[in-house]
Amino acid sequence: MNNLDKKTLIAQHPLLQNLIALDEVFWVNPHLETGKEGIEKAPLTQDDIRDAEERLKRFAPYIAKVFPETKPTDGIIESSLVKIPSMKQYLQQANEESIEGELWLKCDSHLPISGSIKARGGIYEVLKHAEKLAIEHGILKLEDDYSIMDSDRFRTFFSGFSIAVGSTGNLGLSIGIISAKLGFHVTVHMSADAKSWKKELLRSKNVNVIEYEADYSKAVEEGRIQAEADPNCYFVDDENSHDLFLGYAVAASRLKNQLEELAVRVDEDHPLFVYLPCGVGGGPGGVAFGLKQLFGDHVHCFFAEPTHSPCMLLGLVTGLHDKISVQDIGIDNCTDADGLAVGRPSGFVGKTIEPFLSGCYTVSDEQLYQHLKELVDQEEIRLEPSALAGMAGPVQLFKNGSGYITKHNLKDKMKNASHIVWATGGSMVPQEMLEVYYQKGHERSSKI
Ligand SMILES: *Cc1c(COP(=O)(O)O)cnc(C)c1O
């Protein structure tokens with residue numbers, strides 16, 4: 001993008017000045033539609049989500065067998081929903097802002113197998129591919145007990161195929177672990193910001209890890225080129241994949257059941273607010289899509305991005321989606337939130353969510369670290385920096401979102417609201433790294 005184009009764009013969208021200045025911003029989506037029309041424009045439907053859910057059920061006996069940590073849930077990969085009242089107290093006091101309603105944490109940070117939200121989409125896409133291959137080759141039927149895949153016969157069969165993916169880390173972990181378990185040859189193309197413990201862990205599981213000096217977009221591009229050269233190689237396309245998106249979307253019906261079990265109401269008078277950390281967009285986009293299908297206008301989804309990587313916000317504000325990157329307007333895409341270090345959003349996700357996303361906001365790395373430390377102190381829950389991006393959401397909403405609250409007639413209902421902060425990763429992070437993160441938060445808190 002040349003300087004003139006940039007100037008014109010900034011003149012059209014003054015919010016870009018704040019993005020460039022790395023301010024924390026709160027943006028309400030002017031294209032949000034109420035009713036069903038918005039979501040019906042999506043290229044996917046509730047039936048597609050149900051299909052994904054059924055497939056995960058077919059695989060549950062296999063998952064329970066090869067990942068014993070999933071035995072308690074019978075091979076269903078799911079996380080808990082917990083109330084965090086002490087953290088709510090802290091947020092209110094530290095920001096001198098009252099948060100009406102209850103504050104919850106959705107602990108995808110503790111999902112079995114790979115310890116992040118990628119254990120939903122990433123694992124689902126590989127399972128779907130494996131099922132397709134096995135059925136096409138006549139060694140599996142839909143009615144079979146899928147635990148038969150835990151056998152040399154299947155592993156030998158899958159070893160004739162390969163899988164590749166580009167990742168900032170967590171997607172690579174999920175794809176690598178499940179692919180290697182099934183017997184596939186798997187290659188993970190890692191961006192420069194990927195943590196070395198993730199690379200080491202994958203190599204210990206026989207995953208081929210290729211490292212790049214460049215950022216996420218480059219790792220994906222290289223992976224795609226190398227995979228295309230091999231007809232037996234399947235490329236998991238984080239920027240465009242419908243299967244990843246559907247794997248994430250399954251979270252919604254599971255969450256609905258959890259809310260019912262906890263007697264948490266979501267309806268006209270009990271709004272639900274969900275705050276989702278966003279990288280390329282598939283994870284939060286899929287979850288939001290699933291939630292809007294089930295709860296319609298009663299759920300309000302906000303995406304959270306680092307101030308140094310506000311790619312989805314930039315794509316939505318300008319309407320340019322994947323035709324613009326944060327680097328195009330001079331933002332460096334350098335953040336400690338490695339899961340969110342993405343400079344260019346998914347065009348597919350941006351266009352799909354545009355009619356039903358409530359808004360986006362950005363968070364500084366400083367703030368992520370402070371919230372990381374406080375969540376340990378208040379609730380004894382340890383997350384990776386990316387996973388804290390949702391935590392600023394409720395305060396941002398009450399501080400800067402009064403226009404949104406009024407517009408949707410929510411003022412009197414906020415006392416009945418539920419706020420869910422989606423904690424997207426952390427349980428696989430080595431103890432000593434968590435300690436370093438905590439100390440960073442500690443230093444930042446004592447500076448103030
Ligand atoms: C990948 C990831 C996200 C965001 O998911 P996208 O699909 O990239 O938008 C958020 N948090 C963590 C920890 C992640 O690994």
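Predicted model: local features only at pLDDT ≥ 70, side-chain atom pairs only at ≥ 80, totals over all residues.
**View 1. The annotated segment, residues 97-396.** The unreviewed UniProt entry places the feature "domain: Tryptophan synthase beta chain-like PALP" at these residues. Helix makes up 43% of the chain over residues 97-396, and strand 15%.

**View 2. The largest nonpolar core, with Phe-158 and Leu-182.** This core has 149 residues, and Phe-158 and Leu-182 have the most contacts inside it. Helix α6 (residues 118-136) gives the most to the core, with eight residues. At least three residues come from each of domain 1 (3-113 + 245-446) and domain 2 (118-240). In soluble globular proteins, nonpolar side chains tend to be buried together.

**View 3. Surroundings of Phe-158.** Leaving aside residues up to four places away in sequence, Phe-158 touches Ala-130, Leu-133, Ala-134, Met-149, Leu-182, Gly-183 and Phe-184. One of these contacts, Leu-182, is named together with Phe-158 for having the most contacts inside the largest nonpolar core.

**View 4. Leu-22 and Asn-409, two loop residues with positive phi.** Most residues other than glycine have a negative phi. Leu-22 has a positive phi near 60° and sits in the loop between α2 (15-20) and β1 (26-28). With a relative accessibility of 33%, Leu-22 is partly exposed. Asn-409, also not a glycine, has a positive phi of about 55°. The loop that holds Asn-409 runs between α18 (402-407) and β11 (418-423). Asn-409 counts as exposed because its relative accessible area is 60%, and exposed means over 50%.

Terms used
Residues numbered from 1 in each chain as written. Heavy atoms only, no water. UniProt positions renumbered as here; feature names shortened; annotations may be inferred. Helix = DSSP H or I, 4+ residues; strand = E, 2+ residues; numbered from the N terminus. Buried < 20%, exposed > 50% of the residue type's maximum accessible area, 1.4 Å probe, protein only. Core = buried A, V, L, I, M, F, W, Y, C linked by side-chain atoms within 4.5 Å. Domains from an automatic or database assignment. Contact = heavy atoms within 4.5 Å.
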